[in-house]
Amino acid sequence: MRRLACLAALAAALVLPQSAQAGYWVTWTWITPGTYGGCMWYSPGSVCSGWNYWYLSDALLTGSDPGGQQGQLHCGFQTNSMIRGAFVWGPGSTCQVYDTDVAMGGVYKKVSHTWWQGASLYGEFEGYA
Amino acid sequence: MNGASTSQTRSLPRLGGAVAAFLVSAAFLVWFGQSRPAEATSTGTAISNAGVPVAISPQALNALQSAEAKSGLRLGPPTRLAVRNGRALYRINGVNGRCFAAGKSEAANAPSFGVLLCSQSDTAARQQLVDLSIYDLTRGGEGIRIHRLEGVAADGVASVGILGDAGAIIARVPVTRNIYSSPTLGDVAATGVVALNSHGGVLERLSYQR
């Protein structure tokens, strides 16, 4: 019994540190000026992940409304006090922003994608932790 | 990018640097040789700076494969356009689009991308500026601010102007070999950037005011 407990503890020690950090968030959705998608203080036109130590904010923009028009997305991260990231125009584009490159490495935060102006945007919005 | 590729990113840096670089370069050559066109073609607005070829890091390979898988872009190998202010800027041409990236320059010989923006040909064809800058908003703050200014400009863009609250140009940054970057403009309130020709005429205005 004691041997089994030791093995279980060893297995937990090997598995838990990775599973506690690993995370993936994805949503396919429209982002319009009226979208409210789980963000904090800066939420109009935004979709956000839950809280985690996300290291990558990733988006693929595939559609717009009105069709044929361009919209602008802010692609990055959000904390209780700040959003930070890069702008990309879509559809027909992708963005990837890494947290360590925007001075947010190791920060507990949300992945944040915010429609900024122009046409509403449809796409795949992802986060990796 | 899937779970497998994510774990690849995490495990490879644990190998010795030389071994990892060799393995990734070999993997990239196989990947590039199997699925790439014989010669990547530049698309969109002309950018004469072709850059210099660079090796590719596991992280950059992962980022490019992810962009390809999602968007259907068929990309060639990255080239380094410049190193400015501790940052390296990269170009990745493709047959149906292109990408630009920036990252810390200490990784310039094995690029590690901090920001990667890709666009298909029809979008790229309209771009005078590919703004790789980072912008932020703080809660209770007055508006958007530039955290870091850098990007790629098309031929004919002589400088990039920073737009203030009233929409007027409050600062100018020269464009050299298609690159603009400023070590001093970080954390400045701004509502956008404009591409300017040698006479100060506006070629493109990117407004970030909501």
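**Two chains joined strand to strand**

Gly85(A) has Tyr135(B), in strand 7 of chain B, as its bridge partner. The model that shows this pairing is predicted, with pLDDT of at least 70 needed for local features and 80 or more for side-chain atom pairs to count, while totals for chains, interfaces and linings use all residues. Residues are numbered from 1 along each chain as its sequence is written, and chains are lettered from A and ligands numbered from 1 in the order in which they are written.

Strand 6 of chain A and strand 7 (residues 134–138) of chain B run antiparallel and are joined by four bridges. Here, strands are DSSP runs of E with at least two residues, helices are runs of H or I with at least four, and both are numbered from the N terminus; two strands pair if DSSP finds at least two bridges between them.

The contact between the chains can now be viewed as a whole. It draws 25 residues from chain A and 28 residues from chain B, where residues are in contact if their C-beta atoms, placed from the backbone, lie within 7 Å. On the side of chain A that touches chain B, at least two residues each come from strand 6 (82–90), strand 7 (93–98), strand 8 (110–118) and strand 9 (120–128) of chain A. Strand 6 of chain A gives the largest share, eight residues. This side of chain A comprises 15 nonpolar, seven polar and three charged residues; Ala, Val, Leu, Ile, Met, Phe, Trp, Tyr, Cys and Pro count as nonpolar, Asp, Glu, Lys and Arg as charged, and the others, Gly among them, as polar.

Of its 129 residues, 48% count as buried, that is, with 20 or more other C-beta atoms within 10 Å of their own, C-beta atoms being placed from the backbone. Chain B has four helices and 14 strands, and buried residues make up 44% of its 210 residues.

Chain B also holds an open sheet of four strands, antiparallel in pairing and ordered 10-9-13-14. Strand 10 (169–174) and strand 14 (202–207) of chain B are its edge strands, each pairing on one side only. Five bridges link strand 14 of chain B with strand 13 (residues 192–196) of chain B in the antiparallel sense. Leu196(B) has Val202(B), in strand 14 of chain B, as its bridge partner.

Definitions and conventions. Contact = placed C-beta atoms within 7 Å. Buried ≥ 20, exposed ≤ 12 C-beta atoms within 10 Å, placed from the backbone.
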